[in-house]
Amino acid sequence: MTKIATIVGARPQFVKAAAVSRAIAEHNRMPGGVPRIVEKIVHTGQHFDANMSDVFFQELRLPKPDVFLGINSVSHGAMTGRMLEQIERVLMDDRPDWVLIYGDTNSTLAGALVASKLHIPIAHVEAGLRSYNRRMPEEINRVVADHLSDKLFCPTEGSVDNLAREGITKGVSLVGDVMLDAFLFYRTMQSQEGAHSSSALLGRLGIEPKGYCLATVHREENTDDQTTLASILEALAEISASRKPVLFPMHPRTRKKLDASGMARLSGKGLQMIDPVGYLDMIALESNAFAVITDSGGVQKEAFFSQVPCITLRKETEWVETVQSGWNVLAGTEKDRIIGAFDAITAARAQGPPPLYGNGKAARNIIGELVSNA
Ligand code: UD1
Ligand code: UDP
């Protein structure tokens, strides 16, 4: 038996963990005395609204968390500190063979720190990503997590190279991107499930296939500076008023900032601000969009998987291949540059995006390696 403790807490981690949990279930169904995997899911509680957490567990059929820590809405230090204390308690009792951490959130960092001090091997899914911008909390989290990990599961060749430049070569595996696994699997489910029909969804929202832009914004550097957030909002308002309607499922962090600043008044005239949507609706909205405008890591890639042009509201990205292949533009946050990037989108692209993120079997590769190295 191999015991895995999975540490998750934030929306993108539920999507990634769903792909790996499916691979675990698949492994456990294999006939012929294959040692079973027992997964314990620890949810730190970092994201906690029903539409930021529960909906993902339900829709993605992710096993319910075994432990829910309920830690959220405090500063970076307080959040990480409380997580350290609580995760330590869980792992000391449980002593798993692996601690599995995902991406670059505070939940990732806390899982890595606790496991390393308890000498429990750490496997980091989505290792080696770098923005080379240390002002991002995520960059600090991912650098520390990588340097503490025993297995580093990289989604891209570039991420393997990034680790090599920091002297990390042991335990590194290029497995592909679990977000592609999730996207391919759940897109099929979405298209088969009547409750998530794209046409009904677009009809309810009053938008047409390829007739709208899909926007998401949640990065600390974009939401916490009022001038930056205003510049982004004004660009979205102008695009929606004079070019294409913009649908904006809003992260609670951004909603709080908008409500506090009075900028929510920019909604209307084609700019539709709605609550966050579930994953199945999100991938339908991405696939049907004319363009995606985002500062999200996951959404940049899902635009790429959907063959939809993306405008990224940042100066750098960890997902450099999406830019190099011409499907993503780093527009930053100045209003005129965002509108300019929108106007530069040509409707037809000669070629679909190259297959850069694996073949949809990353999670299977990860589980294979964890079982043979336990
Ligand atoms: C976190 C991650 C970020 C990731 C993002 C995914 C860190 C440092 N940041 O950012 O890397 O891209 O998740 O979405 O870990 N909130 C709610 N309800 C919720 C969730 C959050 O109201 O369900 C509020 C919190 O109270 C807080 C704010 O949103 O005021 C920010 O939440 P937090 O988890 O600290 O950071 P995110 O911006 O979500
Ligand atoms: N997502 C979603 N509903 C939304 C916005 C995002 O299901 O309203 C999904 C999105 O499809 C992707 C993941 O959440 O799979 C990305 O999470 P987020 O943008 O919060 O974080 P990041 O990827 O930037 O860390």
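Me: How far is an oxygen atom of ligand 1 from an N or O atom in the side chain of Gln46?

Reply: The model is a predicted one. Gln46 belongs to the closest residues around ligand 1, together with His47, Ser73, Glu138 and Arg253. A pair of N or O atoms counts as a polar contact within 3.5 Å. The pair formed by the Gln46 side chain and the ligand 1 oxygen lies at 2.8 Å.

Me: What percentage of the area that ligand 1 exposes when taken alone does the protein bury?

Reply: Backbone N or O atoms also approach oxygen atoms of ligand 1, at 2.9 Å for Phe48 and at 2.8 Å for Asn106. Taken alone, ligand 1 exposes 750 Å², and the buried part of that is 90%.

Me: Which helix gives the largest share of the shell around ligand 1?

Reply: Helix H3 (76-94) and helix H11 (252-261) each contribute at least two residues to this shell. The largest share is three residues, and their source is H11.

Me: Which residue has a side-chain N or O atom 2.6 Å from an oxygen atom of ligand 2?

Reply: Among the closest of the 19 residues surrounding ligand 2 are Val277, Gly298 and Glu302. Val277 uses a backbone N or O atom, 2.7 Å from a ligand 2 nitrogen, and Gly298 a polar backbone atom, 2.8 Å from a ligand 2 oxygen. The side-chain atom at 2.6 Å from an oxygen of ligand 2 belongs to Glu302.

Technical notes:
Residues are numbered from 1 along each chain as its sequence is written. Chains are lettered from A and ligands numbered from 1 in the order in which they are written. This is a predicted model: local features need pLDDT of at least 70, side-chain atom pairs count only at pLDDT 80 or more; totals for chains, interfaces and linings use all residues. Side-chain values use heavy atoms; hydrogens and water are left out. A residue is near a molecule or strand if one of its heavy atoms lies within 4 Å of it. A polar contact is a pair of N or O atoms within 3.5 Å; within protein, one must be able to donate a hydrogen and the other to accept it, and residues adjacent in sequence count only if both atoms are side-chain atoms. Accessible areas come from the Shrake-Rupley method with a 1.4 Å probe; for residues, only the protein chains shown count as cover. Helices (H or I, at least four residues) and strands (E, at least two) are DSSP runs, numbered from the N terminus.
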